[in-house]
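Please view the sequence and structure below before reading on.

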Amino acid sequence: MAIFGAFAPTGSRPVRWYNYAAYGSNDILGAGSMAVISGWVLFFYTTFCGLEAWQAGLIFTVARVLDAIASPVIGHISDNMGQTALGRRFGRRRFFILAAIPLLPSFAIMWVSGQSFWYYLATYVLFELVYAMEIIPYETLAAEMGKDYRTKAKFAGIRILFAQASAILAGYLPAMLIESLGKESADTFLYMGILFSALFVVTAALLFLFSWERPLAEVAALKSGEAKPSLGAAFGALYHNLFSTFRIRAFRLHLGMYLGGYISQDVFNAAFTFFVVFALAGSITVASTLLGTMYIVQFVAVMIAINLALKTSPAFAYRLAAASFAIGVITLLAMWGAGVRSGDLLLWVPIALAGLGRGALNYIPWATYNYMADVDEIVTGRRREGAFAGVMTFVRKLTQAVAVAGVGALMSLGGFQKDAAVQPPEAITTIALVLGIGTVGMLIFGVLVSLRFRLDPRTHAVLMEEIDRFKNTPNAPASAEARAIVEDLSGWPHEQLWGRNPVAKAGAARETSAQGGMAQA
């Protein structure tokens, strides 16, 4: 049944509504799991598991560092999986998605209370590795299934809409379970983990059934007669090849915007529940309700951001979103300083402002990410979606680990006491400072980067025309405008594009080496 994409594709096909829906639904795993973890795991560990804040932060750090190391490896292997029998049958990306499905319930076992530090470390690391195994190949599929700007923007939009829907569930579900189980029951989080695990399995299966990849004929293959070095030699060159992605200017700027928007949310999420419970004198139910409402606003903001990014530019939309989020955070802290506490209707104002900004900040980086392999193609003459997905995840997970671990460490240094119903004033002040300075500081960083990012619908169209020109009439002269645009996006002189540069030459050699190693293995 070719429509289900059960096997590797033999050609391109039109993107139907169910392809968009299946692709987007998988971000219930991608964003939903991270929304649950970032919003609740530190609180769960310190409240129901008897861990110190620094221990909870350490678990997060170790898991993310190991994941950050594994992620580029998975991306690299998926780029070359087409040289294996499994890759030819199931797809070089989709094979990993299929293999991850039976492992996704590992999310639920993270939320068993009363276990040791080592139990929580092991279960968190396990889920992070399974997550990377599924998500990194998934992140390449929009670029595999769609080629034009609008199609890729739609993929990003539907993905983030599902992400926000799952975040709404992550926000409200604890409150609903608390009403059934009682506010002192740790089973609230276990049942939440079980429900999300079931959703992860279903959506990953739908993604596998209704997705496809570029035909293998469009992917660089190992030439006949070339030596097949060992798998060890292939991995010896792995990181050099992957980090050549940093030689692409648009990707460097994209990463800066991505990290500014997402790390600001990591810091906010890690501190917010503590801020509501201890600074605003609220409860888990109140924190859950506020988070759920914020995610509803984010859902609406994504729909606004999709249109704004298409009509103006992603960078402009990003700056508006960052301003809204920052104003929301500053207003929240100002209200706390003025004596506003849990239950006051004024709290909905900063929650709405923050939600409007966060929704757009979630969408815009993933919309621009889908075009990074296009910019890379005009530099190297190759398609390396997996390499970009791996590096992006590597940088994201590493910096996220530092951010969340930093929140835990600062809270401990500020006098935070585990299992305490009331925290000392210095601990509450520390939480507020982390929430404000950490969040707003990262937003300022992202805005400064966005001032230099110039990929938009017009420049992307020029980029794709230049790629076609290089493919079909490489000796035809380029217009002055086209030269300026592709040089700005790529960061390379026009004369060195389309493989005429050290990155492309070294990468081609390493790609051949890696493919040989995969084929030999």
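The text that follows covers a helix pair, then aromatic pairs, then charges over rings.

The model is a predicted one. In it, helix 3 (residues 53–80) and helix 16 (residues 385–413) have axes that come within 8 Å and cross at roughly 175°. Angles over 145 degrees count as roughly antiparallel, and helix 3 and helix 16 are therefore roughly antiparallel to each other. The contact of helix 3 with helix 16 has 13 nonpolar, eleven polar and five charged residues.

Across the whole structure, a search finds 36 aromatic pairs. The table gives two examples.

| Aromatic pair | Centre to centre | Between the planes | Arrangement |
|---|---|---|---|
| Phe 95 and Phe 96 | 5.5 Å | 75° | edge-to-face |
| Phe 470 and Trp 498 | 5.5 Å | 5° | stacked |

Phe 470 belongs to helix 18 (residues 457–472), while Trp 498 is in the loop between helix 19 (480–490) and helix 20 (502–520), so the pair ties together parts that are 28 residues apart in sequence. Phe 470 is buried, with a relative accessible area of 3%, whereas Trp 498 is partly exposed at 22%. In the other tabulated pair, Phe 95 counts as buried at 19% relative accessibility, and Phe 96 is buried with a relative accessible area of 10%. The cut-off for buried is under 20% relative accessible area.

Charged side chains also sit over rings. Arg 469 lies over the face of Phe 470, at 4.6 Å from the ring centre. Arg 94 lies over the face of Phe 208, at 4.3 Å from the ring centre.

Definitions and conventions:
Residues numbered from 1 in each chain as written. Predicted model: local features only at pLDDT ≥ 70, side-chain atom pairs only at ≥ 80, totals over all residues. Heavy atoms only, no water. Axes fitted to C-alpha atoms, helices over the stretch in contact; angles between N-to-C directions. Helix = DSSP H or I, 4+ residues; strand = E, 2+ residues; numbered from the N terminus. Parallel < 35°, antiparallel > 145°, perpendicular 65-115°, else oblique. Nonpolar A, V, L, I, M, F, W, Y, C, P; charged D, E, K, R; others polar. Phe/Tyr/Trp six-rings, centres within 6.5 Å; stacked < 30°, edge-to-face > 60°. Buried < 20%, exposed > 50% of the residue type's maximum accessible area, 1.4 Å probe, protein only. Lys NZ or Arg CZ within 6 Å of the ring centre and 35° of its normal.
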